[in-house]
Amino acid sequence: MKQQRYVLAIDQGTTSTRCILFDQRARLVGVAQRRHQQHYPRPGWAEQDALEIWRDVERIVPQALRDSGVAADRIAALGIANQRETTVVWDRRTGIPIGRAIVWQDVRTEELVRELRGKMGADRIRELCGLPLAGYFAAPRLRWILDSVPGVRERAERGEVLFGTMETWLIWNLTGGPDGGLHRTDVTNASRTLLMNLSTLAWDDELLEFFGIPAAMLPRIQPSTASYGTTRRVVPGIRIAAALGDQHAALFGQTCFARGETKCTYGTGGFLMMNTGRELVRSEHGLLTTIGYQIGPEPVYALEGPIAVTGSLVQWVRDNIGLIGSAPEIETLARTVEDNGGCYVVPAFSGLYAPHWRGDARGLIAGLTSYVTKGHIARAVLEATAWQTRDVVEAMNADSGLQAAALRVDGGMTSNNLLMQIVADVLDVPVSRPFVAETVSLGAAYAAGLAVGYWPDLEGLRNNWRLAAQWVPRMDPESREDEYDNWKRAVELTFGWVRSQKRTRR
């Protein structure tokens with residue numbers, strides 16, 4: 001009898017790293033996970049130990065296989081998904097990182113980015129790579145390392161130190177590390193660096209010159225499904241067949257394969273992504289143009305709208321304000337009232353991301369009266385995530401000329417049924433949550449399985465998608481638009497707060 005085979009996924013996230021085994025019906029067979037430490041050496045700085053993350057992978061891959069009783073020779077392929085934009089630089093000879101990895105949440109490069117915006121050629125950045133010049137992406141962090149660590153630039157120009165995002169770091173180590181490890185990245189992660197030309201899918205000489213990045217330290221760019229080598233360490237002999245940034249993997253895991261299909265991952269922040277097909281749509285409404293995924297010779301493009309604060313707003317209400325004792329209590333408290341009582345919460349804790357991109361914004365609670373209770377505030381907290389979602393979806397519809405007819409959701413916040421109903425209400429479209437919640441890991445597994453023929457085609461993956469819950473809109477259209485107008489007024493009040501603060505101090 002032929003033994004059943006499986007696909008392995010490594011999901012290297014912001015707070016933890018997981019290894020998950022899936023069978024052919026996309027069922028979770030085994031899982032192992034380890035959290036890694038977060039380092040905040042200065043205000044606004046966020047770092048991680050890349051060696052700690054590699055050691056976690058060394059532990060969890062064998063553990064997942066052992067706990068599920070699956071031998072390594074029954075693994076058809078390995079796919080990797082990763083936190084995007086987090087920047088690692090390491091010594092090619094020793095495999096030791098040059099300092100800690102700089103995390104995507106880090107804002108130390110704000111001053112550098114301001115300087116770069118005044119440099120000749122800054123107006124070409126978005127045209128070439130589809131992204132605004134912002135510290136959110138990897139290139140400013142890499143430039144900061146090259147400028148701040150003595151001797152690194154010279155060694156980078158000689159190819160003695162290497163750059164990568166987390167999937168590159170893991171692939172290099174898995175395929176041998178200092179002993180011949182392969183230096184590779186995939187097109188989705190490369191598209192988040194500000195260094196890849198969105199049309200040619202190659203490192204762009206003009207962008208490299210603008211940021212002052214030596215080409216010798218950069219990995220080779222490959223499609224999302226490609227040969228990334230065979231593991232020589234941890235569990236030798238497994239073919240690495242796919243790599244994607246986490247949000248791209250979620251798009252793939254949600255089987256959003258048709259133009260206009262849209263997903264949102266709700267976690268600490270929110271990440272909406274719309275498939276725009278083979279068409280490269282340049283945003284005029286505050287979104288990011290990026291690669292959705294590349295299966296085969298041509299990429300599928302996407303529009304993305306990152307939201308900085310969604311789940312972290314609930315955490316703030318719990319930890320800083322003490323309004324609730326645990327995150328699930330926010331739903332119970334919000335259900336004690338029928339509406340927000342005229343109260344709106346805009347969580348611009350460190351500015352607003354898409355579609356506004358206002359670093360000068362700061363959070364506020366608007367519309368307070370003596371009528372407002374803690375229940376109304378709890379409801380407004382949940383509505384903040386829904387209205388931010390609508391802001392991004394409106395921009396996606398305007399940019400793409402398409403209409404998001406439904407929203408597929410995943411992430412920890414989707415367990416909040418009231419929130420999901422509010423999202424459906426404010427968008428006026430159905431909201432669906434799949435049975436398999438681990439869509440990032442599943443997307444990496446799907447891509448790897450496709451590459452080796454474990455799954456035959458995209459239609460086969462669609463057949464694996466199973467509905468766990470759905471919410472349909474039931475809000476009165478007039479109320480929806482009135483509330484959205486109020487929300488937009490509240491958002492406008494957050495603009496310019498930092499500048500106003502400086503004037504007051506003078």
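D246, Q247, H248, A249, A250, L251, F252 and G253 are the buried residues of helix α9. That helix runs over residues 246–253 and is mostly covered, with eight of its eight residues buried. Keep in mind that this is a predicted model.

**Helix α9 and what follows**

- Just after α9 comes T255, and its phi is positive, at about 55 degrees.

**Where α1 meets α6**

- Helix α1 covers residues 50–68 and helix α6 covers residues 166–174; their axes come within 11 Å and cross at roughly 55 degrees.
- An angle of 65 to 115 degrees would count as roughly perpendicular and one under 35 as roughly parallel, so α1 and α6 are oblique to each other.
- The crossing of these two helices, α1 and α6, is right-handed.
- On the α1 side, the contact is made by A50, L51, I53, W54 and V57.
- On the α6 side, M166, W169, L170, N173 and L174 take part.
- Sort the residues of this α1–α6 contact by type and you get nine nonpolar, one polar and no charged.

**T14, a buried loop residue**

- You'll find T14 in the loop between β1 (6–12) and β2 (16–22).
- Its relative accessible area is 17%, and since buried means under 20%, T14 is therefore buried.
- The T14 side chain makes a polar contact with the side chain of W104, at 2.9 Å.
- W104 is also one of the residues in contact with T14 once neighbours within four places in sequence are left aside; the others are H36, Q38, Q48, Q83, V103 and Q105.

**S415, an exposed loop residue**

- S415 sits in a loop too, this one between β18 (407–410) and α13 (417–427).
- Exposed means over 50% relative accessible area, so S415, at 56%, counts as exposed.
- A polar atom of the S415 side chain lies 3.0 Å from the backbone oxygen of G412.
- Not counting residues up to four places away in sequence, S415 touches E331 and R433.
- S415 and A469 are 54 residues apart in sequence, yet their C-alpha atoms are 9.9 Å apart in space.

Terms used:
Residues are numbered from 1 along each chain as its sequence is written. This is a predicted model: local features need pLDDT of at least 70, side-chain atom pairs count only at pLDDT 80 or more; totals for chains, interfaces and linings use all residues. Side-chain values use heavy atoms; hydrogens and water are left out. Helices (H or I, at least four residues) and strands (E, at least two) are DSSP runs, numbered from the N terminus. Buried means under 20% relative accessible area, exposed over 50%, partly exposed in between (1.4 Å probe, protein chains only). A polar contact is a pair of N or O atoms within 3.5 Å; within protein, one must be able to donate a hydrogen and the other to accept it, and residues adjacent in sequence count only if both atoms are side-chain atoms. Contact means heavy atoms within 4.5 Å. Axes are lines fitted to C-alpha atoms, for helices over the stretch in contact, and angles run from 0 to 180 degrees between N-to-C directions. Angles under 35 degrees count as roughly parallel, over 145 as roughly antiparallel, 65 to 115 as roughly perpendicular and the rest as oblique. A crossing is left-handed if the near helix is turned anticlockwise from the far one by less than a right angle, and right-handed if clockwise. Ala, Val, Leu, Ile, Met, Phe, Trp, Tyr, Cys and Pro count as nonpolar, Asp, Glu, Lys and Arg as charged, and the others, Gly among them, as polar.
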